[in-house]
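The entries follow in the order I looked things up.

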Amino acid sequence: MSLHKSAAHAPAEAGGDPSPARPATDALRIVQTQWLPARAARDETLFALADGALGVRGGCEESASATQGTFIAGVWERSAIHYHERHHGFARTTDTRVPVADATAIRIFLGDAPADPACGEVLAFERTLDLRTGMLSRRLAFRTADGATFEVKAQRIVPFAHPGLLCIRWTLRSLAYAGPVTLESAIVGDVAAAAQGDDPRFGTGAGLALRITDAFADAHEARLAQRTRASAVGVACVQRHRIEGAVFAEADADAGGARQRHVAQLAPGAEVTIEKYVAYAWSRPGGDEPDAALYKFAQSKLDAAMARGFDELARAQASEFAEFWDDAGIAIDSAAGNGDGEALAFNLFHLFQSANRDGTGGIAAKGLTGEGYEGHVFWDSETFVLPVLAFTAPQWMKPSLVWRYHTLERARIHAREMGHAQGALYPWRTISGDECSAHYPSGSAQYHINAAIAYAVRLYVEATDDAAFLAAMGAEILVETARIWLEIGFFNPRRGDRFCICAVTGPDEYTALVDNNYYTNRMAQEHLRYAASTLRALATRSPDVYSGLLARLALDESEIAAWSRAAEAMYLPFDEKLGIVAQDDTFLDKPKWDIAGTPPEELPLLMHNHPLTLYRHQVCKQADALLAFVLADDSRIDPAVIERSFDYYEAITMHDSTLSPSTFGILAARLGRGARAQEYFRENLRIDLDDLHHNTSHGAHMAAMGGSWLGLAWGFGGLRVRDGVPHFDPMLPPGWCGYRFGLVWRGRKLRIAVDAHCASYELREGAPLEIVHHGERTTLVPGGARTFALRASPVPDPRIPIPGSFKAVIFDLDGVLADTAHLHHAAWKRLAGELGLPWNDAIGEKLKGVDRMASLDIVLGDAATKYADARKRELADRKNGYYRKAIEAFSANDLLPGARAALEAARAAGLKTALASASRSARELAERLGIAGLFDHIVDSATIARAKPDPEIFLRAAQALGVAPRDCLGIEDAQAGVAAIKAAGMAALGIGDARVLHEADAVLPDLAHFDLRKFVVNKSVEKN
């Protein structure tokens, strides 16, 4: 799905799915303008509404869909797990969140025949999700098979202020029809969990359904009661209406549901409006509330809601969203207008509405938008979702932690099942607190879940100073989860008495049951340190709380001291030869998976390979060791180790998990690799909007959505918390003119804004706040702002003066005027794969600005001397064929922001212009881009003997222009190119990251920021 293109004219996505959404002019509305019944399941996910307890998918009221569903976070069914060989401690049951009765249906009948738009001809369609107000709106015009034409307008909200309430305003207008019409408003009760084949990401709960225990309908209301069979959860659904233009006709109820029918006599231009109010009530698992009691509770909700009316409820909903958006304060100013800001807002919208608000549940992997993963909550809620809420809406982070506390006893039981004498072990996937995974190697073996929950507790307490939560719940969670590390770890004399943890699985589920998983050990170390320091602080600040914990949990100071000893002695595997952290003790001993040789139809790997096949190879589903760098304090780790580790693991990671891109993007930003970080950011940003994993139909990916905000704030914003103080080290990625985001931190509201020159921090509300910008501490005061120059500021280094007059500007092509570097990168990567050669991002970086044959030698590496010259030419030509095929579709639309304007400005100023590109296809590309006529001369690698960083190509360009090198300004995006410009005796303007292009006289993020007057003090220009 493409956010920035109208769906009616958008190209097909991978897999042939048309793209249905684009932003509205106010940038906080998602609009679909194409009727796509074949993609209904995907679109129902994207346009879903929720209030943290109730989720309603975004289907059409008047058109039946097998995948339209309604879910309640606390309504789930339990079923047995069947094993042929069931060992001690295996999970015996699993829980599945089953769909409840769906009350969105308002069907149209002409006589006895249904008038379903899907069975007729759709004349016009528009569906809008207003992110600002939380309202789903729709307009549809259609013609029936008999020629009757109608228009439907619908609005829908799921108000936060009334959990379990659905409100619909629906209008049917006759366009060219005269006669009777019947409108049937129904509660559809015969729904069951969907089946999705053998996809393990979906689950095994297919066919599970609530049983209907009561159904009733009359002129006043319709109601339906349901019960689970094993988990003893009861649900009641009650609906009422306000109707204009129709009268009640009849009602009925049966085993399939409850229905109320209204009739009207329409003429062209006449219309019927139905306001439909639906309330749900449900019991706790094991509760014995009778249907009558649940009905009464639901009816009281309806009484309150209808007394306020649809418009007032909508205004209240909009007010809640307005507060959230004001605090979140997100905006991205992209010169390309690519919809990054709108996509991020869409992701935050779904996170905010899916957050649990009453402490009775967590945030499921798919939120409340679909049936994927059976509604289970995973560790990624604490790792990727709750941190977003910690900084934007901390009041909605707390309920998920309260739920974890309420399930702590289940975690203790699970620890005993796993053979541990004390402590608590939280399950890998759960609803009620019990482990729901039958596959323990990638399930219960993920002990790092304990550390993730401890991490979330720490972040929440730091963000809010909520000492009461820590005393009442948080400290107990920390103690019981910390105990597990001493249960499964030991001081290993064979490793110098380092503390080792054996037989666990890290985040990378393509490697299981390993010893000393780096991520697990590192996060356990952080967990143990924080638990010990928290208990010691409690002993000083709240001795009564501390002594109460000791007594209640049979805890003593010697055990706390043991946590500290284990943390300080923690074994963190490291490979001295490669200079990288090792994912585990044996990972680097395994053969590498042939990634380049794996055809697309065999992806993702988990769908086409036995787990053992994957376990035997160096291949990652997602970031593992690298995630530790993101979550744990990396200030004491050599940056070179982080960089080498990034390059190594990037080359062997498949990103088959939607959790992966955000981690790689955050690290790439911290390493100063702005373009690479932005690639990962954009992939992460659009996982659901563009259905990149082809399973958005199962529900939205909550962790990926959270990861997109983390990519902005933690990645580009450089946000980290150290000792309770927010630290920032912002950068501006290529193609962006600026961005901003808000933080809610310890009762203060902070706004961070970054542009091409500086970062500003404004304390909008609250007491003075200490922050750190790139190592410099400062205190913000209410209503005040502080501004700092960016580390990668485009302001020229005053130690390197720029000449005062230029007569010519010489442009590089790739990365300056157009982005063809990724095409070269892909072509070289494909060739390397065909030759069985290693490939990583560092190799790709070395190729920038380098000609074809020199690039081939870099790709061949140590094997270069084994190839004859003829064979090398053949390989270079093969790569060039891949590249030339890719550029056939290039046009003026592929120019980078500001490129044409910079060229035209130079020409208008009377300056001579040249193109100096290492690409042999430079002239062809310039013609395809529509800029060939803007150059006085073009020099490519076919006309020179020595590649960049040799200055030959720039000297030839100056010679061809008849201008002395000292009178030329060269513009490059690669280190080799900047070096070539400087060696030629020219001034160099870098395009990209100043930390990389440090030899340039000045650096800009892109040509959109290029102001000729700041670089050219040409006398003829001054006179004009």
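The notes below go from the whole chain down to single residues.

**Ground rules**

I am working with a predicted model, where local features need pLDDT of at least 70, side-chain atom pairs count only at pLDDT 80 or more, and totals for chains, interfaces and linings use all residues. Residues are numbered from 1 along each chain as its sequence is written, and side-chain values use heavy atoms, with hydrogens and water left out.

**Whole chain**

I started with secondary structure. The chain comes to 28 helices and 39 strands. Here helices (H or I, at least four residues) and strands (E, at least two) are DSSP runs, numbered from the N terminus. The radius of gyration is 31 Å, close to the 31 Å that the globule rule gives for 1024 residues, so the chain is as compact as a globular protein of that length. That radius is taken over C-alpha atoms, and the rule is 2.2 Å times the number of residues to the power 0.38. I read the span of the C-alpha trace along its principal axes as about 90 × 80 × 60 Å.

Next came burial. Of the 1024 residues, 60% are buried. Buried means under 20% relative accessible area, exposed over 50%, and partly exposed in between (1.4 Å probe, protein chains only). The chain exposes about 37,400 Å², and carbon and sulfur atoms supply 50% of that area. Accessible areas come from the Shrake-Rupley method with a 1.4 Å probe; for residues, only the protein chains shown count as cover.

I then checked contacts (heavy atoms within 4.5 Å). Among those with a separation of 6 or more, 67% join residues 24 or more positions apart.

Last, charge. I find 108 positive and 129 negative charges, with mean positions 3 Å apart. Lys and Arg count as positive and Asp and Glu as negative, while His and the chain ends are not counted. Each charge is placed at NZ of Lys, CZ of Arg, CG of Asp or CD of Glu.

**Cores**

Which residues touch the most other members of the largest nonpolar core? They are Tyr-649, Trp-709 and Trp-714, in a core of 201 residues. A nonpolar core is a set of buried Ala, Val, Leu, Ile, Met, Phe, Trp, Tyr and Cys residues joined through side-chain atoms within 4.5 Å. Helix α8 (residues 448-464) gives the most to this core, with 12 residues. A second, separate core has 39 residues, including Tyr-882, Ala-902, Ala-906 and Leu-1004.

Not counting residues up to four places away in sequence, Trp-714 touches Pro-387, Phe-391, Tyr-455, Val-630, Leu-631, Ile-666, Arg-670, Trp-709 and Leu-719.

**Tyr-447**

Tyr-447 sits in the loop between α7 (408-417) and α8. Is Tyr-447 buried or exposed? Its relative accessibility is 6%, so Tyr-447 counts as buried. Beyond four places in sequence, its contacts include Met-418, His-420, Trp-485 and Val-504. I also checked Tyr-447 against Lys-948: 501 residues apart along the chain, with C-alpha atoms separated by 50 Å.

**Cis peptide bonds**

Lys-948 came up again here. A cis peptide bond joins Lys-948 to Pro-949, with omega about 15°. Pro-949 is in the loop between β36 (937-939) and α25 (952-961). Another cis bond joins Leu-603 to Pro-604, with omega about -5°. Pro-604 is in the loop between β25 (580-581) and α13 (611-615).

**Positive phi**

I looked at two residues other than glycine. Ala-554 has a positive phi, near 50°. The loop between α11 (543-552) and α12 (557-568) holds Ala-554, which at 65% relative accessibility counts as exposed. Asp-691 also has phi near 50°. Asp-691 is in the loop between α17 (674-685) and α18 (702-716), and at 5% relative accessibility counts as buried.

Leu-266 belongs to strand β19 (residues 257-266). At 4% relative accessibility, Leu-266 counts as buried. Among the residues Leu-266 touches beyond four places in sequence are Phe-150, Leu-172, Tyr-177 and Val-272.

Ala-832 belongs to helix α19 (residues 821-834). Its relative accessible area is 0%, so Ala-832 is buried. Leaving aside neighbours within four places, Ala-832 is in contact with Leu-837, Pro-838, Trp-839 and Val-859. The C-alpha atoms of Ala-832 and Leu-860 are separated by 7.7 Å, at 28 residues apart along the chain.
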